[in-house]
Amino acid sequence: MQQKFHIERMDRQRLELALDWAAAEGWNPGLHDAASFFAADPSGFFMGFLDDEPVGSISAVSYPGDFGFIGLYIVRPEHRGKGFGLKLWHTAVEHLGERTVGLDGVIERQSSYARSGFVTAHRNIRFEWNGPAAVETDTAVGRLEPSEFDAILAYDAALFPGSRDGFLRVWTRQPGCTGLLYRSDDGDIAGYGLLRPCRRGYKLGPLFADTPRIAACLLQAFRPHAGTAPIYIDMPAPNTAALQLAAQHGMRRVFETARMYTPRIPSLPLERTFGITTYELG
């Protein structure tokens, strides 16, 4: 009897499975990413089944407003080349409708995304940092406390194409994570970031800062919180100051993607983005 392929929305348990697949692909997801992802849009995660066997996944997260993001696009290796991925793709695109849609495409998939109307905005380069702990921390750097969430949300709004209150509320409170912010002389937030534990080491994302000096202060302040474990950070290539920081700290390039959008590229101040939040949700 021929097996039947069908697609269902994921629950949290299935999302954890998709993240296990992402880990097997070498994408190194965070240990507690599922809760934050699900908080962003619980209706935006899809899994393909061959009869009762899960064989593929895709996320199509809708943010309030007119922005969406596609990620977690995976078909299990033994089931590739059978058309299942294309069906998942169409489900994601239809779910997001007329929104501006972003994704981070791995090198081998970028041409196929271009054929679907996606335009490359810039490269994101993943760096691995095994540097020594900071000797001292700038006194303007402090912990990101829950009472400051509204201020962080307001700061974040200028640096991301959609409102992400639900996502950030959970993202900044992950178990084992460290959130830090930088306050200017007048007390305003001038940068912030989040370091979270991953399958291997830690990821620092986002890392937003008004100036390269502030980004450098935050980087140094995060280093002791990882101990001897590596820190991974995904830097947008157009931010040359970010790439200079990576070089100054002896970071090693390990991976890259292309940030792609359709039908238009949002206007964002990439000079203030020293580390994107995540390849899966933007």
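The structure is a predicted model, in which local features need pLDDT of at least 70, side-chain atom pairs count only at pLDDT 80 or more, and totals for chains, interfaces and linings use all residues. Residues are numbered from 1 along each chain as its sequence is written, and side-chain values use heavy atoms, with hydrogens and water left out. The chain is divided into domain 1 (5-121) and domain 2 (126-275), bounds that come from an automatic or database domain assignment.

**Domains**

- The centres of domain 1 and domain 2, taken over C-alpha atoms, are 24 Å apart.
- Contact between the two involves 36 residues of domain 1 and 31 residues of domain 2, where contact means heavy atoms within 4.5 Å.
- About 3,000 Å² is buried between domain 1 and domain 2, and carbon and sulfur atoms give 58% of this area. Buried area is the accessible area (1.4 Å probe) that two parts lose on being put together, summed over both.

**Largest pocket**

- The largest pocket holds about 710 Å³ of space. A pocket is an open set of points, on a 1 Å grid over the protein atoms alone, where a 1.4 Å probe fits, with protein on both sides within 12 Å along at least five of seven lines; lining residues have an atom within 4 Å of a point. Its volume is the space filled by probe spheres set on the points, which are joined across faces, edges and corners.
- The lining of the largest pocket has 31 residues, and Tyr73, Ile74, Val106, Arg109 and Tyr113 are the closest to the centre.
- Elements that each supply at least two lining residues are β4 (67-75), α3 (84-96), β5 (100-106), α4 (110-115) and β12 (252-262). Helices (H or I, at least four residues) and strands (E, at least two) are DSSP runs, numbered from the N terminus.
- Strand β4 gives the most to this lining, with six residues.
- By type, the lining of the largest pocket has 14 nonpolar, nine polar and eight charged residues. Ala, Val, Leu, Ile, Met, Phe, Trp, Tyr, Cys and Pro count as nonpolar, Asp, Glu, Lys and Arg as charged, and the others, Gly among them, as polar.

**Second largest pocket**

- About 170 Å³ of space lies in the second largest pocket. Its lining has 13 residues, with Val93, Gly97, Arg99, Val101 and Thr262 the closest to its centre.
- Helix α3 gives the most to the lining of the second largest pocket, with four residues.
- This lining divides into eight nonpolar, three polar and two charged residues.

**Thr273**

- Thr273 lies in strand β13 (residues 273-275).
- With a relative accessible area of 6%, Thr273 is buried; the term means under 20% relative accessible area (1.4 Å probe, protein chains only).
- Leaving aside residues up to four places away in sequence, Thr273 touches Leu159, Leu207, Phe208, Pro236 and Asn239.

How values were computed: Buried means under 20% relative accessible area, exposed over 50%, partly exposed in between (1.4 Å probe, protein chains only).
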